[in-house]
Amino acid sequence: MSSNKNALIRYKTLDKCLKNKYRKYTLEDLIDECSEALFEFEGKESFVSKRTVQLDLQNMRSEKFGYEAPIEVYERKYYRYSDPDYSIHNISVNESDLKAMNNAVQILKQFKDFSMFKEMNGVIQKLEDSIHSTNQKSIIHLDKNEQLKGLEYIDILYDAILHKKVLNITYKSFKARESDSYIVHPQLLKEFNNRWFLICSNKQYVYNLALDRMEDIQIEEKIDYIDMNLNGDEYFKDIVGVSVSPTMAPRNVVFFVDSSNAPYVKTKPFHASQEIVSESNEGTIFKICVQLNFELERLLLGFGECLVVHKPRKLRLRLEEKFKVAAKNYQNLIIPEED
């Protein structure tokens, strides 16, 4: 269980105790109540420390979460609310909060038809009702493609990662004539360029499978799951896209962008490592430190004649060859005359 969920359960339990007018609670009693609540939720022994409960009480008293709970200690040992009608569930919401919640609801509504968010439809409706939201049109539009093949698998893949289940995936790559079966240990879900990928392992290697090339997924109950403990930020830190090589070291990629397009690259960096090497009236020279992969090539090629790779030489020559082939395709293009 996440630490946030743990904290919410403890706050709810402490609130119930502190507003109880018919029982006196010592700090030890509050510790026991919180431990019991977590045990009931998780189904396993869970001990809450004295320090944790003391911090919880301190947080509830403060403005940190907007509670400002009137918690008092009486007879030097018992805890209660000085206001018998107080509860953390009775906190009023101001106009600014309502506006912020309404804006969030408008964004969430865009995911109503997206498989992963279908169960949130009722929650979104409740939020709209509770904040008296008008039928405001969405001001923020997110790029999404609900018709993309493979989105129907997100739920089962998410659940398999969450509950550590081994999967048997029937998969057909664009290059394969027939489908293959892969026994995989799912680790992460990754979205890139409006496509979804499963990052998984087969005991030896970590690799990705595109959801739009999956044909069937079955759970392998008899195989023990191997958790690679992948951290997405760490795993993808040296790449553009999703293709990670376990053996390739990141390289310095130096490239020139003309003055008309340089502002786009400055304001939307290709990678977190991006820095400016030099600037002139003609344009800007940038540098990033990444692995050389397919997605990086696609990104660089996308700028066409506006971008020139300087280093590394191998990448420059490969892109140069692609541009030569592209130019040749146009030179040899024959378009049938229309009737």
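**Cores, salt bridges and backbone in a predicted model**

Me: Which residues have the most contacts inside the largest nonpolar core?
Reply: The largest nonpolar core has 24 residues, and those with the most contacts inside it are Leu30, Val53, Leu57, Met60, Ile71 and Tyr81. Two or more residues each come from helix 1 (3-18), helix 2 (27-42), helix 3 (50-61) and strand 2 (78-81). The model is predicted, with local features requiring pLDDT of at least 70 and side-chain atom pairs pLDDT 80 or more, whereas totals for chains, interfaces and linings use all residues. Residues are numbered from 1 along each chain as its sequence is written, and side-chain values use heavy atoms, without hydrogens and water.

Me: What makes a set of residues a nonpolar core?
Reply: The members are buried Ala, Val, Leu, Ile, Met, Phe, Trp, Tyr and Cys residues joined through side-chain atoms within 4.5 Å. Buried here means under 20% relative accessible area, with exposed over 50% and partly exposed in between (1.4 Å probe, protein chains only). In soluble globular proteins, nonpolar side chains tend to be buried together. The helices and strands named here are DSSP runs, numbered from the N terminus (helices: H or I, at least four residues; strands: E, at least two).

Me: With which residues is Ile71 in contact, leaving aside its neighbours within four places in sequence?
Reply: Ile71 is in contact with Leu18, Leu57, Met60, Arg61, Tyr79, Arg80 and Tyr81, where contact means heavy atoms within 4.5 Å. Apart from the core that includes Ile71 lies another core, of 21 residues, among them Ile154, Ala160, Leu167 and Phe197.

Me: Which residues of helix 9 are buried?
Reply: In helix 9 (residues 294-301), Glu295, Leu296, Glu297 and Leu300 are buried. The buried residues of helix 9 pack against strand 4, strand 8 (251-258), strand 10 (283-290), strand 11 and helix 10.

Me: What makes Tyr330, Leu333 and Ile335 a nonpolar patch?
Reply: Patches consist of residues with over 30% relative accessible area and no salt bridge; like charges are joined within 9 Å, and nonpolar side chains (Val, Leu, Ile, Met, Phe, Trp, Tyr) within 5 Å. Tyr330, Leu333 and Ile335 form such a patch on the surface, with about 400 Å² of accessible area together. Accessible areas come from the Shrake-Rupley method with a 1.4 Å probe; for residues, only the protein chains shown count as cover.

Me: Why is the pair of Glu221 and Lys165 called a salt bridge?
Reply: A salt bridge is a side-chain nitrogen of Lys or Arg within 4 Å of a carboxyl oxygen of Asp or Glu. The N to O distance for Glu221 and Lys165 is 3.5 Å, so the pair qualifies. Glu221 lies in the loop between strand 7 (214-220) and helix 7 (232-235), and Lys165 in the loop between helix 6 (154-162) and strand 3 (166-171), so the pair ties together parts that are 56 residues apart in sequence. Glu221 is exposed at 59% relative accessibility, whereas Lys165, at 28%, is partly exposed. The structure holds 16 salt bridges.

Me: Which other residues form a salt bridge with Arg213 or are linked with it in a network?
Reply: Arg213 forms a salt bridge with Asp212, the closest N and O atoms being 3.2 Å apart. Both Arg213 and Asp212 are buried. Arg195, Asp212 and Arg213 are linked in a network of salt bridges.

Me: Where do Lys324 and Glu320 lie?
Reply: Lys324 and Glu320 both lie in helix 10, four residues apart, about one turn of the helix. Their side chains meet in a salt bridge (3.5 Å, N to O). Lys324 is partly exposed at 48% relative accessibility, and Glu320 is partly exposed at 38%.

Me: How many disulfides does a search of the whole structure find?
Reply: The search finds zero disulfides, a disulfide being a pair of cysteine sulfur atoms within 2.5 Å. Cys200 is buried at 0% relative accessibility, and Cys289 is partly exposed at 27%.

Me: Which residues does a cis peptide bond join?
Reply: A cis peptide bond joins Lys311 and Pro312, with omega about -5 degrees. Pro312 is found in the loop between strand 11 (307-311) and helix 10.
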